[in-house]
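Here are a few notes to go with the structure you asked me to look over. Have it open while you read.

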Amino acid sequence: MLTRLFRLHGLLVASHPWEVIVGTIALTVCLMSMNSLAASSQVCSWNECPKLPEKILSNDIIILMVTRCMAIVYIYFQFKHLRQLGSKYILGIAGLFTVFSSFVFSTVVIHVFGKELTGLNEALPFFLLLIDLSKACTLAKFALSSNSQEEVRENISQGMAILGPTFTLDAMVECLVIGVGTMSGVPQLEIMCCFGCMSVLANYFVFMTFFPACVSLVLELSRESREGRPIWQLSHFARVLAEEEDNKPNPVTQRVKIIMSLGLVLVHAHSRLAAEPGQNRTADGPIPKRLESDGAMWPLQFTSKDMEQVITLSLALLLAVKYVFFEQAEAESSLSLKNPIISSPPAPKHRGGGECCRRDLPAHKPLKTMSSTPAANPTSPAVSNTAPQVDMASKDKGVIHPPASLGDTLAETPSGPQLGPVSEPRELDECMAILKDPQRGARHLSDAEVMKLVISRNVTSYSLEEVLETPQRGVAIRRQMLSPKLPVRSALACLPYMDYDYSKVMGTCCENVIGYMPVPVGVAGPLLLNGKQFHIPMATTEGCLVASTNRGCRAVALSGGCSSRVLADCMTRGPVVRLPSACQAAEVKAWLETSEGFSIIKEAFDRTSRFARLEKLLIGLAGKNLYIRFQSQTGDAMGMNMLSKGTEQAVHRLQQQYPEMRVLSVSGNYCTDKKPAAMNWILGRGKSAVCEATIPAKVVREVLKSSTAALVELNINKNLVGSAMAGSIGGFNAHAANIVAAIFIACGQDPAQTVGSSNCITQMEAAGPEGDDLYISCTMPSIELGTVGGGTNLPPQQACLQMLGVQGTSPTQPGENARQLASVVCATVLAGELSLMAALAAGHLVQSHMTHNRSKANLTVTPSSQSEKAA
């Protein structure tokens, strides 16, 4: 119940930062204007704490000087620790927290205790000693581990749910314990304890209101994102939520604190209620003034005051100079030790591998840094030469590699800060013995030693992911070995590779991996198809494409939606076999076309899969060569591997029937896969789909900014006649390949199959009673896609499939998800065709591309253009 209450409080504060900040400041201003309270010189929550006299003894000066020095050193070490976390946001947020807490505390002391600075002079050191930045920084780390502003709010609320109850109990216990000092009867101790309680309360008040609101607001204002993550997101804070969950305080300790708090409450209540009003020493009047120093003591008092100011100011200046000017290298070194994921010397501005694609990271900076940093061991780019260091890394992510921002080059990556002494790579035999030892293994080898094994061919480069303890380390080492061989040694600097699940890639999607390619993903829609709304994910770098498709989706939705049907569902594979003569080839062809021959081949084919069922054979003959096109459904998979396996077994069975037959290839380009082919255009391949819609004249005019007559005329002369003049096969459309490729990349399909999948004929004609409505249809006979296998196993691609509700296999009917995806592709193509044709008819194409599809990043301003602009 309490946790939920603090979670709701954190969500409220993080969701309405402006309101909370304004309210907190307003409350502080109200405290400043409390003249009724300020009129009394004795206001305190326990005893009436009087103001301090202006003149104090020299021994009090020494006590205050020591207290202030302790406060300065304490704050210094707290900020030094924060700097080692490697985040300017953590440092800035902590500073903001300290400054505003001090402001609130000072406001209370000055304006509630008599509007004089004498009390504040002694109060601030105690406040700085009692302020605790650890909870504030932990809450900031909760926020900094987020990937979006929504996640910032959620993480702040979760952090408040974790930290709030503990912080509240701790603050209450501190106030009660320190408050005991207000009953001591010692005037100076009572005042100090009163200040201490106020410090704790001010710290708690700011932590619960102003601080989380400021964190949420600051991160919202700096939410610029590159590579899909905000600029303030830090990879080494990614597990802070789980860590704080594990670090929850012991319930027994919490119960002890509660019991102790109740006991202290009873002590305070008894002390206050049992005391007679006349017995309160502060109620009768102010504290007796301290004895004034005589004339002989005046020089000593003057000297003590001066000495106090000199020592305090000197200490503050010394620590400030050391913090600002002499700890840059130390902080960077300690950062690399704090974060075991990063194991190479950081650049002047440290960035994790996931942040290497930022525009503000010039490629030459790592080179400059490396050249100015002496390498302890130039021949060894390894970072971990000792077992304990690697073990520490494996606890985090099992990754030991240099950050991508250093270019990942062998020459540019000297040995960075080590936990142990830097040593030369061990001998090959010793390295092989360590690698084969099940108790030690690759995690006890440095990167340099692994590269030595690769160069000596004891370990193959393509198997690094399998040999090493984590795939990501294998990718990092491969990048180090590749970079020196490239024309530009820092070419890989902005190709990210960290924080990626390579286990889903190995053996499925890619080999010799050196990173991954972030591609922008836009959304078009909603697209109203067969009575359902779909939001279409499109991965593309072509400006205008998503915007244009989105306009087409809007026109379709305003017209009542579109309808689609899947006409056929069959994947094909076409092997080529060779007979001794053309006549024998003709005999085999005739046998395959009989029911007996088909049944024998079908039996062999169907045994290879629980989904693939041979439906048809199409046989072509060219001399001695026989081309056999196998055709089968493949469930929700695209099915090429399924067809290949079944085809191989069927051809082996045919070879048993005709031993003189020789199999040339399991694929004879008779499929046809990833090549333009009239066979696919005519007979179809994969999913054959058709989609249609009728667009009212009003929508054509107001949304598409064109007319039905203009669109029909343009479609005939461009898509039909123009494509025929070009000898196009299946290209009777405006830009179907654009939409197909964008959806294929987003949804984990094979982009190369855009060649056949974009076969489409777009037809338009006038419709309606007055002939001013527009009827449009798109027919696509060969959409080659699936919702399982291949790239659909990768989490980002699965997310896009989930957007469409077609991820994985259909729970009710095998193949239904893949057919639904084919219908979505065909309908999106229709929307894209509609919008582009309207733009062409209205003459808006060039204007829109100049607005949305023209990069200004690499354009240089010529003198002539400058003069034209000035004119």
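Is C570 buried or exposed? C570 is buried, with a relative accessible area of 7% (buried means under 20%, exposed over 50%, partly exposed in between, with a 1.4 Å probe and protein chains only).

Before going on: this is a predicted model, where local features need pLDDT of at least 70, side-chain atom pairs count only at pLDDT 80 or more, and totals for chains, interfaces and linings use all residues. Residues are numbered from 1 along each chain as its sequence is written, and side-chain values use heavy atoms, with hydrogens and water left out.

1. C570 sits in strand β5, residues 563–573 (strands are DSSP runs of E, at least two residues, and helices are runs of H or I, at least four, numbered from the N terminus). Beyond its neighbours within four places in sequence, C570 is in contact with E615, Q631, S632, Q633, R685 and G686 (contact means heavy atoms within 4.5 Å).

2. D606 is buried at 16% relative accessible area, and a polar atom of its side chain lies 2.9 Å from the backbone nitrogen of L614. Not counting residues up to four places away in sequence, D606 touches A612, R613 and L614.

3. Now for V519, which is in the loop between α20 (471–482) and β3 (521–529). V519 is partly exposed, with a relative accessible area of 35%.

4. Helix α28 covers residues 736–746, and its buried residues include I739, V740 and F744. Just after α28, G748 has a positive phi of about 75°.

Technical notes
A polar contact is a pair of N or O atoms within 3.5 Å; within protein, one must be able to donate a hydrogen and the other to accept it, and residues adjacent in sequence count only if both atoms are side-chain atoms.
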